[in-house]
Amino acid sequence: MDAEQPQRTVTLIVMGVSGSGKTTVAEELARRLDVEYAEGDDFHPAHNVEKMRAGIPLTDEDRAPWLHELADWIGNHERLGRSVVVTCSALKRSYRDLLREGHPSVWFAHVSADAELLRERLQQRKNHYMPASLLDSQLATLEPLEPDEPGVTVSAAGLPEDVVAEVLAALPPVA
Ligand SMILES: Nc1ncnc2c1ncn2[C@@H]1O[C@H](COP(=O)(O)OP(=O)(O)O)[C@@H](O)[C@H]1O
Ligand SMILES: [Mg+2]
């Protein structure tokens, strides 16, 4: 890491499809960075949660209020100069552009895995409303993080601590 780089407020958005390990990795990142953490799933209106629980994929229209809630939360913390870690599947470029709009602190960590690994993890996961059956639609919707977007893509296949270390190595210095 470049010691000359000044520290700044960072909004670290851990993105990727369901089961990639966003929550696992983001919780540890927030601990390591000693910053506030938010679970993006908690910003969904009840209607969206019910749909996902029923195995019905969300539409752009469903996701709009959720993304705006998240963007407001990001803006409020950024204005206060508070770095945060937040999970959000942020599957489409347009969703990420919405979150970034007016928020220069946003930086993405795309946790990426193949369908087989994801299916395995989702089948093992307990106490979560997202059924493994929604994985195919999530993968079909996913537009991977692009080179002109701020952030890094890391493989989800390693141990959680390795995924975390890879993100921290790429992250700009956090104030
Ligand atoms: N790097 C990892 N290696 C092994 N299992 C993992 C890893 N990351 C997450 N898991 C497990 O996979 C499941 C999905 O992880 P989770 O963090 O809930 O993903 P997401 O928030 O992206 O849906 C959980 O049961 C979690 O314990
Ligand atoms: Mg999660």
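1. Handedness of the H3 and H4 crossing. In this predicted model, helices H3 and H4 cross in a right-handed sense. H3 covers residues 60-79, and H4 covers residues 93-100.

2. Geometry of that pair. The axes of H3 and H4 come within 9 Å. Their crossing angle is roughly 30 degrees. Angles under 35 degrees count as roughly parallel, and H3 and H4 are therefore roughly parallel to each other.

3. Residues between H3 and H4. From H3, the contact takes in Asp60, Arg63, Leu67, His68, Leu70, Ala71 and Ile74. H4 answers with Tyr95, Leu98 and Leu99. By class, the contact of H3 with H4 holds seven nonpolar residues, one polar and two charged.

4. Geometry of H1 and H7. A further helix pair to inspect is H1 (22-33) with H7 (160-170). Their axes lie 9 Å apart, and the packing angle is about 55 degrees. That angle makes H1 oblique to H7. The crossing of H1 and H7 is right-handed.

5. Residues between H1 and H7. H1 brings Thr24, Val25, Glu28, Leu29, Arg32 and Leu33 to the contact. On the H7 side are Pro160, Val163, Val164, Val167 and Leu168. The contact of H1 with H7 divides into eight nonpolar residues, one polar and two charged.

6. The largest pocket. Its volume is about 590 Å³. The lining counts 38 residues. Which of them are closest to the centre of the pocket? They are Ser18, Gly19, Ser20, Lys22 and Arg125.

7. Make-up of the lining. By class, the largest pocket is lined by 16 nonpolar, 16 polar and six charged residues.

8. Reading the two topics together.

Notes
Residues are numbered from 1 along each chain as its sequence is written. Chains are lettered from A and ligands numbered from 1 in the order in which they are written. This is a predicted model: local features need pLDDT of at least 70, side-chain atom pairs count only at pLDDT 80 or more; totals for chains, interfaces and linings use all residues. Side-chain values use heavy atoms; hydrogens and water are left out. On a 1 Å grid over the protein atoms alone, a cavity is a set of points where a 1.4 Å probe fits but cannot get out, and a pocket is an open set with protein on both sides within 12 Å along at least five of seven lines; lining residues have an atom within 4 Å of a point. Grid points are joined across faces, edges and corners, and a volume is the space filled by probe spheres set on the points. Helices (H or I, at least four residues) and strands (E, at least two) are DSSP runs, numbered from the N terminus. Ala, Val, Leu, Ile, Met, Phe, Trp, Tyr, Cys and Pro count as nonpolar, Asp, Glu, Lys and Arg as charged, and the others, Gly among them, as polar. Axes are lines fitted to C-alpha atoms, for helices over the stretch in contact, and angles run from 0 to 180 degrees between N-to-C directions. Angles under 35 degrees count as roughly parallel, over 145 as roughly antiparallel, 65 to 115 as roughly perpendicular and the rest as oblique. A crossing is left-handed if the near helix is turned anticlockwise from the far one by less than a right angle, and right-handed if clockwise. Contact means heavy atoms within 4.5 Å.
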